[in-house]
Amino acid sequence: MDEGLRGELSKHGVFTTTLEGLHNWGRRNSVWPLQFGLACCAIEMIATSMARYDLARFGAEVFRPSPRQADLMIVAGTVTKKMAPQVVRLYNQMPEPKYVIAMGACAISGGPFKQGYNVLKGIDRYLPVDVHIPGCPPRPEALIHAFMTLQRRIDAQSLTGPNRARHLRSDVDSEFPVPQFGAHDLHPPSNPKTWTPPQSVRSQ
Amino acid sequence: MKTSPEPPSGETGADPAPVLPSPQDPPYTLRSRRDGDRNLSGDLLEISMGPHHPSTHGVFQMDVTLDGETVVQLKPVFGYLHRNHEKIAENTSYLASMPYTDRLDYFNSMTSNWAYAISVETLAGIEVTERAEYIRVIVSELTRLLNHTCLIGFLVMDMGALGTPLMYAFREREKILDLFESLSGSRMMCNYLRFGGCRCDLPPQWLDQAREVISDFEAFLDSFEKLLTENEILMARTQHVGVLEADLAINAGITGPMLRACGVNYDLRKVDRYGIYDRFDFKVPLGATGDVYDRYMVRILEMRESLKILEKALRDIPEGPIVHPKAKLRGFRPKPGEAYGRIEGPKGELGFYLISDGKPQPYRYRVRPPSLINLTILEDMCLGHSVADVVVILGSVDIVLGEVDR
Amino acid sequence: MIDTESIANELKTALPGCGIEFVANPSPSAQSSLLIQGTDLVAVAQWLKDHSEYRFDYLSNVTGVDHLEKTIKEKVKKTQVVDGEEQEVEETVEQTIPGYLEVVYHLYSMPLRHGPLILRARTGNRSNDVALPSLTPIWRSAEFQEREIFDLYGVTFDGHPDLRRLLMWDEFEDHPMRKDYVEPDDYEYEPTPHGPVLERANAHQTPPSTDAPSETQSD
Ligand code: SF4
């Protein structure tokens, strides 16, 4: 629709929008995160939802304890190998459309604990991550920024076409295989469908 | 016309009544100890609380066996946040472990720093400057305030007061975190103490800001207590819940406010008099019954004592160097030997045990985590209570999973 | 601080036949300890707990330590009589010390407010003779810490009420805090590695052909 016409109409009290715009406006402003804290970063996540930073301004103050009612998983903290199957299971139980924010260095890559034998080196080995937040811990502002980034992503999705939202597509997996506890490590150590080792710049 | 003899018990029914247990003779006995036989009836229900559970304060799991609503067995499961802190520390230099200690107990980075620093100082015989000692006391008492308020906020949230007290607690926490941020550059992970002192001097006006925060805190504590201390729901949910006796507490190695709530006067600030705590005049609050309410009350009173310490420390802090000139940060290799250093953290006795073999890395690096050891008697405290009380009892133990699992 | 040496002497007279050895600590901390023979550990612990002068009722810390087998080359100065004259001769003596696992206990007394008294006990070796008596029946605080040592070091504690892995999952087979533990090779993916890290990173750049995605090939 022509922008000028739309502005003209709104002066007369007639608001026009697309169905897609309305749909995304609703989805973007009522993202309910899963109440799910793993480590230190979770404290900053709680701080974000408290009075000073007030995540409620973005429509995301409703932390849901049950994955069945949540849209967004904020992986806040270190994912250990013992916890990784649980995290994947929780993700599998969330209904579509679902999004993942990896909060903090640990959730991205293992962070300071990367050398640990029981630390998963990044949750994207098992799950598709939409937004990564670096930091140890990221400040609440960083989480808010990640949240706005996610909102922009949701806004850019359309109802039809190749850029459809996750729940309208049949080609995206909504469940991922849960890794098994092995004798020395998780089995498999990563999900090759979602993750491949990054190309090393100096690889030779 | 009587055809049948009178029933011996005086009842008139033809069928002998089935033997029902009288209320005085319950089918099972409530146990306060786990040993001994249990006389259970009915079907037992096993539920697994956690590792994803909003009231477990992180990733902690309890396998609870219930008889109806009553807990008959409770097995904690650990390790969901086992981040191999000790292994990593044994492969890196002494100083490089300092930022990892922040992440042990992520509410109280300053006290964890201090515990580690004190162990290394014991191991290598490093002295601490006067000004640094005062700064250490100030930051660790601020940490105690922060920990206890947030803990009480979470505890009350576990009882169903969603939000309000926790929001108040976090509002105060933000003020203290602002102080820490201007001091160390980071809100939570301060990495501030060094062997023999602190990393950097106080920024200008910091002491005035700290004084302001503390004078506000007094008023906050009053209003917080007005909300909670005589609150009927809080009293009903916490009094005579999770009672712990003093001798069992000592035997199980319980420390910190948990132990003092049982009436045992053991505060390392008084016992070891580490740092400069002998210069401060403060009382050690003790509980009488050792229930959850006592633990709450001990923490509130401890905060009031901390405020006294802080006031004096902020008044008396001298000028001077911030790190002892003989303390070496780079190329630090303590002589072979071992040392165990401990401090009174907000959660209990936090100790570090170090073995040096003369190399830049410690040969053995061990954290004595108060949160883990305070959980030893979790089952004993929960047996006989209902599931809803388990949540409250666990909340009153004050655990942080980063420290439980390390 | 308490006098560990006099306690050692007292213990030796009170419990004759027990293997008790004083271990000095040369570092500035001067926290010396007592090496107790594993079989006598319970008797010593009970004595220390009950003795009215010591009353060690609080077991604060239980630690495992791993000592690998090591060969020490020591230069020993010997006085030898060479040609009827006394001379100092240096000799290199090679000595193999078998590996063992060690458990260290830190005891305090709450009523008397003293401590720490440090006890240590050693296992026979690192593979099959790894049992030590559990002190959990005496001090409950050892319960989780002994489980942790069983998990991470592989010391088995006889008499422990519930000896299971504490931190790792049950199917896990290794003892990761041991010095010779090899952790899974799964993390060297820095963008610009060098040295040995580069070698490890390169090893990950050519994944096995089964799950090799086409775009990941080293050039
Ligand atoms: S990124 Fe840092 S703050 Fe966050 S969980 Fe990891 S160690 Fe903790």
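**Entry 1: polar contacts between A and B**

I looked up polar contacts between chain A and chain B and found 13 residue pairs, both residues at pLDDT 80 or more. A polar contact here is a pair of N or O atoms within 3.5 Å; within protein, one must be able to donate a hydrogen and the other to accept it, and residues adjacent in sequence count only if both atoms are side-chain atoms. On the side of chain A that touches chain B, helix H3 (40-49) and helix H4 (84-93) of chain A are the elements that give two or more residues. H3(A) gives the most, with six residues. Helices (H or I, at least four residues) and strands (E, at least two) are DSSP runs, numbered from the N terminus. I then sorted the residues of that side of chain A: 22 are nonpolar, nine polar and four charged. In this sorting Ala, Val, Leu, Ile, Met, Phe, Trp, Tyr, Cys and Pro count as nonpolar, Asp, Glu, Lys and Arg as charged, and the others, Gly among them, as polar.

I note that this is a predicted model: local features need pLDDT of at least 70, side-chain atom pairs count only at pLDDT 80 or more, and totals for chains, interfaces and linings use all residues. Residues are numbered from 1 along each chain as its sequence is written, chains are lettered from A and ligands numbered from 1 in the order in which they are written, and side-chain values use heavy atoms, with hydrogens and water left out.

**Entry 2: area between A and B**

I checked contacts, meaning heavy atoms within 4.5 Å. Chain A brings 35 residues and chain B brings 31. The two chains bury about 3,000 Å² between them, 66% of it on carbon and sulfur atoms. Within chain A, the residues that lose the most area to chain B are A:Ile43, A:Met50 and A:Phe113, together 20% of what that side buries. Buried area is the accessible area (1.4 Å probe) that two parts lose on being put together, summed over both.

**Entry 3: salt bridges**

I searched the whole structure and got 55 salt bridges over all chains. The term needs a side-chain nitrogen of Lys or Arg within 4 Å of a carboxyl oxygen of Asp or Glu. Five of them run between chain A and chain B. One joins A:Arg139 to B:Glu181, with the closest N and O atoms 2.5 Å apart.

I also found A:Glu44 paired with B:Arg173 at 3.9 Å, N to O. A:Glu44 sits in helix H3 of chain A and B:Arg173 in helix H5 (residues 164-184) of chain B, so this pair joins two chains. Both A:Glu44 and B:Arg173 are buried. Buried means under 20% relative accessible area, exposed over 50%, partly exposed in between (1.4 Å probe, protein chains only).

Inside chain B, I found B:Arg279 and B:Glu130 in a salt bridge at 2.5 Å, N to O. B:Arg279 lies in the loop between helix H10 (268-271) and helix H11 (292-316), and B:Glu130 in helix H4 (residues 130-158), so the pair ties together parts that are 149 residues apart in sequence. B:Arg279 is partly exposed at 36% relative accessibility. B:Glu130 is partly exposed too, at 38%.

**Entry 4: cysteines**

I looked for disulfides, pairs of cysteine sulfur atoms within 2.5 Å. The count over all chains is zero. B:Cys190 is buried, at 1% relative accessibility.
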